[in-house]
Structure formats: C-alpha cells, structure tokens
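Dear colleague,

I am passing on the structure we spoke of, together with some notes on what turned up in it. Please read the notes with the coordinates open beside you.

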Amino acid sequence: MTFTRTLDALIVGGGVAGLWTLNQLASKGYDCLLVEQDKLGQGQTIMSQGILHGGVKYAFGIHVKPDFLKELNAMPERWRQHLSGERKPDLRETKVLSDSFYLWASQGQDLGTYATRFTLWALSRLQLLQVSPYSTTDFPAWLQASAVYKMNEPVLDTKSLLSSLAKPHASSIVYGSCVRQDHGVVTVEEKISKETFPVQPKCILLTAGHGNQALAQLMGIGEQLAQERPLRQVLARGNLPLFYGHCMDNAAVTGKPSMTITSHYDLSGHVVWNIGGTLAENTDEPLQQRAERLFRKTLPGLDLGRVTWSTYHAIRSEPKTKDGHIPETATIRKYGNVFVCWPTKLVLAPLLADRIEQEVSQMGIQPSGRCLVRSEAIDIARAPWE
Ligand SMILES: Cc1cc2nc3c(=O)[nH]c(=O)nc-3n(C[C@H](O)[C@H](O)[C@H](O)COP(=O)(O)OP(=O)(O)OC[C@H]3O[C@@H](n4cnc5c(N)ncnc54)[C@H](O)[C@@H]3O)c2cc1C
C-alpha cells in the first residue's frame, strides 16, 4: 500500500507566482510541494519583458484607481530589497538588465501640454512618483524626442529570476502533473519516471497561468475564472543599442504606451529588442510594417538599415473581470481549500505571495516544518529571443 504524505500546501505551476509562493511559504516552515507540468516559467514569465513597473505608465489610464498606483509605486523598492539580499527570497543572482526606464514622446507631440498633463496626472494620482526629466545631454543622440523622462523602474532578466527562485527549493519541485482524487488526496505523476505518488495537501494553490482554468475545472470549479489577452510581441535584431523605454505617443488618448521596448541577448550575445505595448495588441496589420512605421516616427534618429524583424505569440492570462478590462492587482479566488491565483503582473508576484500566506494562515494551517525531498534538477524554459 502506498503511503500518502500530508502537505501544508500543494502549489501547481512553476512560473514566477508559484516559485515566489514556494519560497515565501517554505521560509515560514510550511511543507510545500510544487508541481510543474513542463519547464519553469514556460507560460508567461519567460516571455515577459521583466519590467518592475512603479506605476508611471499606468498614470495615463483614465480608469486607473489611485490605490492600484500606490500599490505599484511601492514595488520597485520592494524588489530592490530582494535584489540586494536584504530580504528573502534572496535575488542577488538575478540579472538586472537596467536600473531605470525611459518614457518618451516623439517630436511632433506637443511637449508643453503633454509634459504638463502627464506630470499633473501623475502627481495627483501617485503623490510621489520618482520621475525626473532628462536633460538632452543625458540621452542618446538617436533618441530625438520632444519629451524624455527617466523612471526609477528596473528591468530583470526573467530566466535568471526563475533560477534564483528555484535553486533554494529544487528539492520541493516535481516535474509532472497532478490529478485530484477523493477525500482530498491528489496523485502526482512524475513526467520522466512516470512514477506516481499520493499527497494530501491542506490547501491547493493554483498558480498555473493559462493552466488555471482547466485545473480549476478538474477541481470541480465550474465557473469561468480566467480571461486571456493574445499578444504578438515584435523582436528586432541588428546592431541595436541597449534601450529600455515606453513610447507614450497617444498615451493620453489610449492610456497605454504605443511601444514598450526592452533589450535582451540571444544565445550568441547579440542584442535583441523585444517590443510590446499597443503594437503587440493590434494583430490586424502586418506587424513588421507597423513596427517599422512606428520606429521611423518615434525613433527617427535610429538607423534601421540592418534591422531584421520577427514576432512571437504570447498570451496574458488574468483573472476574469466584469468589464473585460485588464485586472489591476494580484488576485486570489478561494473555493474551499483550493486557491486560484494570478499575480496579473510579474512585478506583483511578491504581493500575491504575501496575500496567499495571509490566507493560508487564516485557514488555521500551521507550518509543519517538514520538507518533501524529490529531484534536485532545475529545468527552466527558453526565452523566445534566445
Ligand atoms: C509578452 C509579455 C510581457 C510581459 N511583460 C511584463 C513586464 O514587463 N512586467 C510585468 O510585471 N509583467 C509582465 N508580463 C506579465 C507577467 O509575465 C505575468 O503576469 C506573470 O509572469 C505570470 O506569472 P505566473 O507564474 O502566474 O504564470 P506563468 O509564468 O504563465 O507560469 C505558469 C506555469 O504553470 C505551468 N502550468 C500550466 N498548467 C499546468 C498544470 N496543469 N500543471 C502544472 N503546471 C502547469 C506552466 O508550464 C508555467 O510554468 C508580461 C507578460 C507577457 C506575456
């Protein structure tokens, strides 16, 4: 007869949300097991641009709630505490691609109205935004913008983030799948060995991104809980400088950046620009043409002669909202001892883990201090630009 192991928490899904939660709960002595069906971060985390938003870009949105901006405003500092090792999880091994982020409006946008409107909105909504106008000598000559701001928002390499979060708890991660049985028992099947073993978790935390909806259904939750936003990110290669910035042309109308650019490296060490923003949301027009047109307008000083373009598909998985809008904060939906969890943004993963810990403790689950020892391998997904 197989021995059924009790667990404090079974975490299903090993993206940033599941791994951060594993770190947080394990550091408090909870006995946790994380089950990842594929590779760590395989859904959204590895595709993410890695920006630790402090709320500035959202200050343009007309419907954005001040509480949400305040919440985001605290996040870059919170992450810095982890990145410096001052706070657990210790992220000193996570690569910081940039310490700050540009926000620019191209020439032809009305600088006076634009900057005043932005500053007033931002200040009234956030009180203390760390935004400072750049002097023209501070930014590259090819960025011939009419307004440039620098924001105190770091950008991370998400692959090294996943590794920093997984390494200390590799022995609590299993690659495989799980099926809920009767009487609160869950059978875990390891992917490679096909070995199965039963566990009896006091709570089940679904942090599986796109997988949340199907998993919730398997757990007997019939409701539509998730919404998805398909994106087509653009990748540009070819002797490009390192650059991190939001183009805010028309943002006062749309509430969003027209382009969000981050720089990453492919496997041969070449810089690849990853471009999101409204460009990635509009999938009708051929993307290369649209990207080139936007680049010529908003970055006229950049030589596009040797730039080659490609795209990759991504899906943002978020909790369903009544109006279909993008949800603002980290969300947990509770069904008995099953929690369906979404950070909604990578930057909010610490907040989600705080809330999960609070809920677990409110359920009366005491840390039992044991640790389930399994395989030590860490298998991280490959980024599209690699
Ligand atoms: C293109 C893009 C750019 C983004 N840029 C930013 C940004 O700059 N800043 C920011 O804050 N946010 C950004 N985001 C959002 C951010 O990436 C996500 O909110 C965050 O990564 C979600 O993390 P997660 O752990 O919930 O989900 P995921 O990263 O999707 O991880 C879910 C994990 O669960 C696993 N899984 C799925 N089903 C099962 C199952 N049945 N059993 C076991 N495991 C399962 C998957 O394999 C995966 O590893 C971006 C998103 C995208 C798509």
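How many of the 8 residues of strand β1 (residues 5-12) are buried? Before the reply, please keep in mind that this is a predicted model. In strand β1, 6 of the 8 residues are buried, so that the strand is mostly covered.

As for its neighbours, β1 pairs in the parallel sense with strand β10 (residues 196-206) over 7 bridges, and within β10 it is Ile204 that stands opposite Leu10. A parallel pairing also joins β1 to strand β2 (residues 32-36), here over 4 bridges, with Cys32 of β2 as the bridge partner of Ala9. Helix α1 (residues 16-27) belongs to this part of the chain too, for β1, α1 and β2 together make a β-α-β unit that is right-handed.

Which residues of α9 are buried? They are Ala291, Leu294, Phe295 and Thr298, and because these buried residues fall within an arc of 100° when seen down the axis of α9, they line one face of the helix. The spacing is in keeping with a general point: an α-helix has 3.6 residues a turn, so residues three or four places apart point the same way. On the other side of α9, the residues Gln289, Arg293 and Arg296 are exposed.

With best wishes

Methods:
Residues are numbered from 1 along each chain as its sequence is written. This is a predicted model: local features need pLDDT of at least 70, side-chain atom pairs count only at pLDDT 80 or more; totals for chains, interfaces and linings use all residues. A residue is buried if 20 or more other C-beta atoms lie within 10 Å of its own, exposed if 12 or fewer, and partly exposed in between; C-beta atoms are placed from the backbone. Helices (H or I, at least four residues) and strands (E, at least two) are DSSP runs, numbered from the N terminus. Two strands pair if DSSP finds at least two bridges between them. A crossover is right-handed if, with the strands pointing away from the viewer, the path from the first strand over the helix to the second runs clockwise. The arc is that of the directions from the helix axis to the C-beta atoms.
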